[in-house]
Amino acid sequence: MHQTLRTRRIALLATATTASLLLSACGGSASGGDVKAFTLTINDDNHIVQQQLTALGKGSCASQNKALPLKIQTLPIGNVDQKVQLLAGQNALPVQFAAGGTPQLTKTLDEAGQILDLEKTLKDLGVWNDIQPAAVQTVENLYGKFNVMPYQFNIEGIWYNKKLFADHDITVPTTYDQLVAAAAKLKGAGVTPFSADGKDGWPLTRLVSGYIYRALGPDALQAVADGKAKLTDPAYVKAAQAIADLGKAGYFGKGVGSIDYDTAAQQFLTGKAAMYYMGSWALGDFNDPAKNKIGADNVGFMPFPAVAGGKGSADQIPANVGLPVAVSAKSYDAKVGDWLSCISKNYGAASLKDQGTVSGFKPGGDTGTLPPLTQTVQDTITRTKTSTLWFEALFNTKATETSQTNAAPLVNGSLSAKDFMQKIQADLDNG
């Protein structure tokens, strides 16, 4: 899952030429009645979705699969956007396809009438209530409407080592000041407070957005996207400075810029670091005794804590839907509707039972016996009424790259918080 998120930044934006082509491609496509298979084009590293839909086709959705056979085509993730654009221009989109790596491509396709309005469709089918409210809001935050299937749904926050906290008499922080105080106490005892993948950058920038949302509220980065605020505004720079200060104090340990995803995970799972900001896609590692040397029972989860005087609150949980899947409006017919109904009713429970993974569908059936950490995540999702996005979610490709490549310089002190935000804002302004 982390690989999917990291590679978002290489996804192609729809160019003006492509947008024009897509917007003009609104006639001459095959009607829904001509659909011969329940086709899906998806990135080849997304095994979980492929496996789960295949399993449903053999199980709960066998009758739907008999009427309209599931057929999956896979592509390297870097080729998905280009393929989708090409097929859209030819009015030949598959029934389901991986949505664009950036929201803009999906929005362009939607404007061209190529994307099925899933909220209306699922309501008409009577299965809208099978979607988690937090997933609905996350999709709406990204695309402006609910128009992708949330086969994957992840929340983010700070995972912590319960034993290290207990050994050093640390209560789980509920405020940012308490978090900093806990980090200081751990470092003073010779324990690295935070493990972080500085090489890829995004785990650090998620701390920046965590602070922004707690200080300025859940709409803070949408305001930047809408041009109502800038990252160079003092309140936004203050958030970057707060994370830079963590680095200056040595709370990420040594050489954070050279630490990759796997090394950061290992630091936490071997007890060398007390805290680890990450998404719930890490549950696979946490629940794997071969990888998790501190034990799953020793891992706790806390949301990014509240900032004093801030407009946000800790029950507003950062979330994402991986690389979600859109449905072709021009391929829709009753048989496709039957598939979507069956998926909505069964995918949530089946994904938990078969894969141990959380989706944006409510688990309405037998989920088996869930590991406690997985149950914690599922319960948190069920309780969440307001979700937020990650730092670069609404950025263009260039601004995303600038943000992530400059995250390590921000925390190692070679780039000021003001300059960090200025670089990103310049890309946003020129995008």
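Two residues are in contact when they have heavy atoms within 4.5 Å of each other. The structure described here is a predicted model, in which local features need pLDDT of at least 70, side-chain atom pairs count only at pLDDT 80 or more, and totals for chains, interfaces and linings use all residues. Residues are numbered from 1 along each chain as its sequence is written, and side-chain values use heavy atoms, with hydrogens and water left out.

**Contacts of single residues**

Helices (H or I, at least four residues) and strands (E, at least two) are DSSP runs, numbered from the N terminus. Q132 sits in the loop between α7 (118-125) and α8. Leaving aside neighbours within four places in sequence, Q132 is in contact with G360, F361, K362, P363, Q378, I381 and T382. A residue is called buried under 20% relative accessible area, exposed over 50%, and partly exposed in between (1.4 Å probe, protein chains only). Q132 counts as buried because its relative accessibility is 3%.

G300 belongs to strand β8 (residues 299-302) and is buried, with a relative accessible area of 4%. Its contacts, apart from neighbours within four places in sequence, are I158, W159, Y160 and K162. G300 and I158 are 142 residues apart in sequence, and their C-alpha atoms are 8.3 Å apart in space.

Y176 is placed in helix α10, and its relative accessible area of 8% makes Y176 buried. With neighbours within four places in sequence left aside, Y176 is in contact with Y211, A242, I243, L246, F304, P305, A306 and V307.

**The disulfide**

A disulfide is a covalent bond between the sulfur atoms of two cysteines. Here the term is applied to a pair of cysteine sulfur atoms within 2.5 Å. The structure holds 1 disulfide, which joins C61 to C342 with an S to S distance of 2.1 Å. The pair links distant parts of the chain, 281 residues apart: C61 is in the loop between α3 (47-58) and α4 (62-67), and C342 is in helix α16 (residues 334-355). The torsion about the S-S bond of C61 and C342 is about -100 degrees, so the disulfide is left-handed. Both ends have an accessibility value: C61 is buried at 0% relative accessibility, and C342 is buried at 5%.

**The nonpolar core**

A nonpolar core is a set of buried Ala, Val, Leu, Ile, Met, Phe, Trp, Tyr and Cys residues joined through side-chain atoms within 4.5 Å. The largest one has 137 residues, and those that touch the most other members are W159, Y236, F252, M275, F286, F391 and M421. For M421, the contacts beyond four places in sequence are V208, I212, L231, T232, Y236, V237, A240 and F391.

**Empty space**

Rolling a probe the size of a water molecule over the atoms shows where empty space is left. On a 1 Å grid over the protein atoms alone, a cavity is a set of points where a 1.4 Å probe fits but cannot get out; a pocket is an open set with protein on both sides within 12 Å along at least five of seven lines; lining residues have an atom within 4 Å of a point. Grid points are joined across faces, edges and corners, and a volume is the space filled by probe spheres set on the points.

The whole structure has 3 cavities of 30 Å³ or more. The second largest cavity has a volume of about 70 Å³, and its lining includes F194, D197, F252 and Y277. β7 gives the most to this lining, with 3 residues. Ala, Val, Leu, Ile, Met, Phe, Trp, Tyr, Cys and Pro count as nonpolar, Asp, Glu, Lys and Arg as charged, and the others, Gly among them, as polar. By these classes the lining of the second largest cavity has 10 nonpolar, 1 polar and 1 charged residues.

The second largest pocket has a volume of about 470 Å³. This pocket is lined by 25 residues, with Q104, A225, L394, F395 and N396 nearest its centre. The elements that give two or more residues to its lining are α6 (103-111), α8 (133-143), α12 (220-225) and α20 (417-430). The lining of the second largest pocket divides into 12 nonpolar, 9 polar and 4 charged residues.
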